[in-house]
Amino acid sequence: MKKILKIAAVTFTSLIIIVLVVVAAAVWFVFTPEKITPAIQKVLAENVTCKSNLDKVDLTFFSTFPNFSLKINNLTLENSLDGSLSDTLLNVQNCIASVNLMKFLTENEVVLNDFSLKNGKINLFIDTLGNANFNVFKTDTTKKDTAAFELPDFISVQNVDLENVSVNYLDLKNKISAKGNDFSLKFDGELTENNGNADVDFSVQNIDFELLNSKLKAQTPKIELKIKGKKAESNVLGEIYADIQSLLFVMDNEKYVDNKDVSIVLPAEIDIDAMKILLENAKIVFAQKTVTLGGEARKIDENFDLNFNFSTDFLGINDILNLLPESLQKSFSSMKFDGKTAINGRVSGIYNEISMPEIFADVYLKNGKLLLNDLKDYPMHDINGKVSAKIDLNKNAVSNLNISALSLKTKNTSAQINGKIDDLLGKMLCKINLKGDVDLLDAAPMLPKELKINGLAKMDLNGNFTIEQISNVDLKNIKLKGKISAQKLDVKYNDSIYLAVHQSIMNIELPSPHKNNRFAELAQIVINSPDLSVEMVDFLNAKLENSELKIGISDVMNEKEPFALACNYSASVLNAKMDTIFAQINAPNGNFIMFPSKENTGYDISLNGTQLAVNQGKTTELTVEKIILDGGATYNEKEKNVLLQWNPKITAKLSNADFKTKNLKAKTSIPLIDFDFSPEKFTINKSKIVIDNSDFNLSGVITNIDKYLNNSGLLMANVDFTSDKTNIKELMSVFSGFGASDTIKNEKPQSGGSEPFMVPYGVDVTVNTKVSYGIVGDTELHDVGGTLTVKDGVLVLEQMGFTCEAARMQLTAMYRSERKNHLFVGLDFHLLDIEIDKLLGIVPQIDTIVPFLKTFAGKGEFHLAAETYLKSDYSLKVSTTRGAAAFAGQKLTVIPNEYYNMLAKYLFSKKTKNVIDSLSLEMTLFRDKVELFPSLVSIDKYQVFFNGIYSYPVLMQKYDLHAELVAPLKLAVDIKGSAKDDVKTLFRFPVKTRYGNMYKPEKRTELQQQILDLKKMISDALKRNVK
Amino acid sequence: MKRKKSIILLIITALCVVIGFNSCGDPMSFDSSLLIGKWRKTSKYDSTKYEYYRFDAGGNGATWDEGDDVSENEAQPFTWTLTSTGDFTLLHKGEMGQVVPKTYTMLTLTATTLSFKDSYGERYTYYK
């Protein structure tokens, strides 16, 4: 622009010089064109380097006195340069200049009363080397201009008139092209040394300006410019009025202004000395949009210090957007605006080659509407408020935008926004505070289909994000933190999980500050609520009082990954219902994580709490003083069994638990239990259990639970049972019938009495026992140790060793409840180093089998192996009884009684002691008969065999006994009888002796050998299991 | 007095002859194959039901008493031996390792009648 002005000034100056030359010539040639014209032509030729020509010169003086006028017709300058559009530099058909000669001569005032150029063409050209075709004036380089140019005292220019002058300008060096037609200029002005005034009307048509190397182009069919100004000393006061019609401004093929009218009213005050311009109430009207300007600009050295204010009325946002170039409009293609906006602002700062002033603008929005393509479900309306922008176009500078009280509504939600946007011209980093009244139903389009939220909320959120992130709903990178007060909150997930909160306060943070090891948490929502209920359909109903839930959710926008949820919870009370199970717990706290995968859904859960109470119908009650639970589950709907469907893995510690169930009459309490549970393995790390009068510690491993539940395997267990005190009979009743088939369960006891103990089915349990003090009925046992095995309906006490006050004992017992009226019991019982009287006290039934044993005293060893089936009342099925017993003792004392005393009186010497050297008894029990195999008793000089058979279990109801004295003489007697029908006992004496040589191998008979073999067979079989 | 003595002597002589004839008869022989099968007698616990012995080939067998609410499939096993001379042994081996031997003398063994006695003279008779 400066270049154009320079060129115009040079052109104008050249014309003035030409005129002055012509005037001088006119003086010399006395005003005749015939004389003047050649003279002027000569002068012109002498002063310009190019070819010049003019048709006619008229000079008038007297007719225009005191003005001196010169009229030139058809003035032409031609200067050829390569590249120029034309050789003609200048062609003016009419050129008139009128100067007040008298003023100039007498008062040193230049008064140019008329100057006009009409119908001219100017072709200005600069080639690529900088050679200009208008550089045509000769200069005398031999003379130095030592005298400074002195302006006249007064310069007055009146009626300067340019009309129909067209200008072409082509600067190949600077790549500038400009042309315009029909230049018109009317200028009146005066200038003294200190003062002056000017009145300029200027218009140009068909201006075409182009920067050839930057694809910048400006066109307008017409520019009209009016300038009025007065100069007083260094102060210039004036107004500029400009109208630019249908301005087209194109840069890089982008239409920045597309045929828009621009008008400018620019009242200005200029301080020349201070190099300052002051604008007040200037107006720029661009496409009917008015911008009011005010302020000042000041030049300091090479810098311009700008400080301007600008403002607009409320304008249609769409109208403004339509003024933007297409490329900028495309930036807004993803959104639709409507409404009114007004802008107040200022431009402030230094402008120079490297610096741009800052622009501050307050933008007011009124009744705005906004629809984002990516948020079509959220048309925003009633947008009102103010945003303040600071735009800094300097390098590395940051522009920003402050949002003050911007309010909007969408659907049933209203919001107020405050905050700022940094890097406004770049990434647009938003730091926003959002306050709103939200209908949570409005959030539905943003949520996955499986998640439905209903309720009202007051929110106060602070966000940190870019516009791009918001447009893309890029929740992973959006930062959000704030509080929401919700009422009647109702959340549904996949129609399987429901959460209802009547009133709550939620704190939301995005991204979540919390991490879990199952999934990446996108956001955390902390819910504080006095009442909250959760329902997991067909699984769980829970209500929390005074709860705090810290909920973490996965990226809900990631459609590839199923929705996952983590919850850290605490409450004053939790009530829960699962199937028929009701539970309540005080002060529960812990974690819950749901992490679905493509195959199934996994859950982690931990629970700490006190005063747990669980009821299953009216059949089962559990209370726990303190519970610590940690575990997880994986839901697999393909499984049929509930436990396998959920596949829980749990670690639990319970303190002071009490347990009651309909099927368990015993009072059960668990002071402590620490276990790990999974369908594959149940590990009891530590436990202390009290059942009625038994207290014991149980630890060990139970396995195969899943196979047991699938009916594909036995429940297996290997546990250690240690107890200070155990009532074995009570404990047996606890586990009676576990796992039995319906057929077995439904069988009625034959005697109609109480239910017998039914050994659990489907289990393979090994219990390693260590009982300090045990009770079986009235029998007290100490230090009971051994293995109890229960395997699919069979109970085995294996190598159960214990001591009582009478002996060391070893018991292997088997109990099998094949059906309620057919109960198998087998014993392998060894009493070592037993006092006979104690033996009879411990096992009174021995007296039934071996009635004469009570006549002896002393220690011996007793072995018994027997089996029988029992009826439901444990009475014998005698037909099934099979047993064998053996007793061996040394130095036994015969307890004196009436019969012994009578025998001793007649048979023994007075020195004879009532001691027998040895006693070895073998007997069998088959059905209702006890058979005592021949046994030898030695006392004093007598050796007696005795044997027999007698009825069982009613002693001596029928008997057939044989006693045989083999030393010092042989004598035998049979004693036979029956208690029934008063049949008298028959004594047969003497009878044949049978066993006299049994211990004399050389004389032993075949029968005697057979008897010895049988005795040995019985004894060996019995002792085989002694450890 | 002499006459009395003569009569007594005659009687003793006659008994000896009778006994002598008897003892000179064929010894009793038993076919163990006749034992195979199920034998029964009236239960002592319920006169409407039976006590059973079942002898299987190979020396195994089982016994049960329906009168005592025991069915055949709940029967208890034993092994048996029978010599041709009538020594009849049943060995009841219990589940607890005990051995209960029972020795009998066979008296009658036909296709329909089984009779034996123990060493105390008690007879046991079963029928097919």
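1. Of the 128 residues in chain B, 23% count as buried. Buried here means that 20 or more other C-beta atoms, placed from the backbone, lie within 10 Å of the residue's own. For chain A, 27% of 1027 residues are buried.

2. This is a predicted model: local features need pLDDT of at least 70, side-chain atom pairs count only at pLDDT 80 or more, and totals for chains, interfaces and linings use all residues. Residues are numbered from 1 along each chain as its sequence is written, while chains are lettered from A and ligands numbered from 1 in the order in which they are written.

3. Chain B has one helix and eight strands. Chain A contains 14 helices and 50 strands. Helices (H or I, at least four residues) and strands (E, at least two) are DSSP runs, numbered from the N terminus.

4. Now the contacts within each chain. Take those in chain B with a sequence separation of 6 or more: 23% of them involve residues 24 or more positions apart. In chain A, 50% of the contacts between residues at least 6 apart join residues at least 24 apart. A contact requires C-beta atoms, placed from the backbone, within 7 Å.

5. The interface comes next. On the chain B side, 18 residues are in contact with 28 residues of chain A. Strand β6 (residues 99-109) of chain B supplies the largest share of that side, four residues. By class, the chain B side divides into six nonpolar, five polar and seven charged residues.

6. Pairing needs at least two bridges found by DSSP. Thr89(B) stands opposite Thr103(B) in β6(B). The two strands form a hairpin, with five residues between them. Gly97(B) sits in the turn and has a positive phi of about 95°.

7. Strand β7 (residues 113-118) of chain B pairs with β6(B) as well. Five bridges link these antiparallel strands. Leu109(B) faces Leu114(B) of β7(B) across the pair. Three residues connect β6(B) to β7(B) in a hairpin.

Methods: Two residues are in contact if their C-beta atoms, placed from the backbone, lie within 7 Å. Ala, Val, Leu, Ile, Met, Phe, Trp, Tyr, Cys and Pro count as nonpolar, Asp, Glu, Lys and Arg as charged, and the others, Gly among them, as polar. A residue is buried if 20 or more other C-beta atoms lie within 10 Å of its own, exposed if 12 or fewer, and partly exposed in between; C-beta atoms are placed from the backbone.
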